[in-house]
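Okay, thanks for making time, everyone.

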Amino acid sequence: EELVAKAIAPVKSEFLRPPPVSGLVKEKKSKRQLKRERQQEKKSALNLCPEIAKTGDISSCRYKDRCRFSHDLEAFNNQKPADLEGECPFCPFGLACRFSGTHKKKNFEMNSLKKDVQKLLWKNKMRLPKSEARLKTLGLETRPPKKQKDRSLKLHPREKKLIDLRDKLYLAPLTTVGNLPFRRVCKSLGADVTCGEMAMGTNLLQGQASEWALLRRHSSEDIFGVQICGAYPDTVARTVELIDQECTVDFIDINMGCPIDLVVNKGAGSALLTKPMRMKAIIEAASGTVDTPITVKVRTAYFEGKNRIDSLIADIGYWGASAVTIHGRSRQQRYSKLADWDYIYQCSARAPDSLQVLGNGDIFSYVDWNKHKSDCPSLSTCMIARGALLKPWLFTEIKEQRHWDITSGERLNILKDYVHVGLEHWGSDKKGVETTRHFLLEWLSYTYRYVPVGLLEVVPQQLNWRPPSYYGRDDLETLMASDSAADWVRISEMLLGKVPDGFTFAPKHKSNAYDRAENG
C-alpha cells in the first residue's frame, strides 16, 4: 500500500535488485559536425547509388560524376554487412537489400503522395473548390478566388457518411511511435480502429513528403482515420478536402488538445480551447466541406481547474462533428496527475444523442476499460493511448477479459513482427534497417515500464506506477526491464544485427541516451 501510494509498482521482494550504475555519457557533437559527418557518409562505399543498386549497372545513373552517392560496386560488395535472416518483405532496393532470396513486388499500403499532386501543392495551384465554397458560405474566405466557371456546389450535411465507434477498441494517434508498423502490430493483437499520427495542415498543403507519410494506411487497417491540426478554418477546410480527394480514410480527426509548445504557439492544438468561436468556425468549415465524418479530440481545458468542454459539448455536435474524444487532463497538466474520468462522464451526459463521446486517459487493463464503460453507459467507447505503447496486447486482454501474464519469448515475437512489418514499410536496405531500428528503440523506451503480471504483489499494474529495478524470471525478461538505452540497443541487435559504427540514440521523450561510451 505504501508503494502504491508513492506510484511505485509493488514488485515481489524476491525479484527486486539494486538499481544499476549508469555509465559515462560522451560529449555531444555540434550540429555542424554531425552534418559534415552525414555528408561524408553519403560518399562512402556503403552508400551505393539507388539507381545502380536496382539495376547493377554503373552506367544507369543519369547524374554520372555529379551523383552524391557512391558508384563503386566492388567496394560496396566488400564492405556490405552480412545479410539479415529471413526473406525480403518488399524490396525496390536491389543490391542494397539486407536480405538474400527472392524480392517480392507487393505493397499493401495506400494514401501515398502522388508526384503530380505534390507539384501542384508546391506551386500553390491545387484547386480545392469545395472548401472555397464552404468558406464563402460561412463568410470565412481569406483570399480572392481564382477565375473559374461558375459551379454551384450542393452541400448536404445530413447526407454525410457515418462512422460507428461504439464499443470498438480504438488505438489513439500517437506521435513518433504510433507509426504504420506499430498500428499493424496492434491490429494483429485486437485493435478495431486505428488513426495516423497528427499531421500539420499547413505542411500537407505545401506538399511536404514527410508529413504526407503520416497519412499512409495499410490494407489491414479496416477502420482508419487521419488526424490533422490547424489554427484557422480556411487551412483546416482545404486540408480535409485535399485528404478526402487524395486519400482513402473512414474519418478525419481534428486535434484540439495537443499540449506541445510548437503546436500551441501557432494557435493550433489545445490553444483552440481558449477560442470557442474559432473552434466553431473550424468544425463547421471542415464538416461542411466533405462527406467524410469529422471527429474532434480535446482536453478538459487549457488551464487546470478551468474546465470548459462541458459547456461546449452540445455545440460541438451541432457544429457538425460526428464524435469527440475527451482526454481527461488540461493542457497545463500535460500528463501529470491522473485523468479526470468523473468530468468525462459529466460531459458525456450533456452531449446530444447524435454525438459519440469517447473517453481517454490511463487505461491499462481490462478492469479499467470495464469500469469506465459500466460507470458511464453513455460513453461510446474509450481510446487507448500510452497503455498500448507499454503493452500492445492490452487489446487482447480487453477482448478476452483476462490479465495476460505474457512471457518474454512472446514479447520478443511481438517485436519480431514489428521489425518485419517495419522493414516492409521503411525498406530493407541499410537506411531502411536503421530507420526500423530507430523507431524500435523509441518504442522500447516505453515498453521497459511494463511489469509482468507474475512479478506483481498487486494486479493489475496502473499506468502511473514507476517500476523499481528488478530481476525477471529469465535473462530476456530482465533485459526487457532495463531502463538503459544500451540494453534497448542490445535487443535491437538481436533482431536487426549489429549497430553501425558511431551509432547514437536519444529518445524523444527523455534524456536517457545511448552512445559508445555507455558500453565502455
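So, the second largest cavity holds about 80 Å³ of space. Before I go on: this is a predicted model, where local features need pLDDT of at least 70, side-chain atom pairs count only at pLDDT 80 or more, and totals for chains, interfaces and linings use all residues. Residues are numbered from 1 along each chain as its sequence is written, and side-chain values use heavy atoms, with hydrogens and water left out.

What do I mean by a cavity? On a 1 Å grid over the protein atoms alone, it's a set of points where a 1.4 Å probe fits but cannot get out, and lining residues have an atom within 4 Å of a point. Points are joined across faces, edges and corners, and the volume is the space filled by probe spheres set on them.

Back to our cavity. Its lining includes F364, K391, H403, Y450 and Q461. By class that lining has seven nonpolar, three polar and two charged residues; Ala, Val, Leu, Ile, Met, Phe, Trp, Tyr, Cys and Pro count as nonpolar, Asp, Glu, Lys and Arg as charged, and the others, Gly among them, as polar. Domain 1 (1–16 + 407–519) and domain 2 (115–139 + 160–400) each give at least three residues to it, with bounds from an automatic or database domain assignment.

Now look at Y450, one of those lining residues. Where does Y450 sit? In the loop between α19 and α20 (475–480); helices here are DSSP runs of H or I, at least four residues, numbered from the N terminus. Y450 is buried, at a relative accessible area of 2%, where buried means under 20% with a 1.4 Å probe, protein chains only. Leaving aside residues up to four places away in sequence, Y450 touches, among others, F364, K391, W404, R411 and Q461; contact means heavy atoms within 4.5 Å. Y450 and K391 are 59 residues apart in sequence, yet 6.8 Å apart C-alpha to C-alpha.

How many cavities of 30 Å³ or more are there? Two.

Conventions:
On a 1 Å grid over the protein atoms alone, a cavity is a set of points where a 1.4 Å probe fits but cannot get out, and a pocket is an open set with protein on both sides within 12 Å along at least five of seven lines; lining residues have an atom within 4 Å of a point. Helices (H or I, at least four residues) and strands (E, at least two) are DSSP runs, numbered from the N terminus. Buried means under 20% relative accessible area, exposed over 50%, partly exposed in between (1.4 Å probe, protein chains only).
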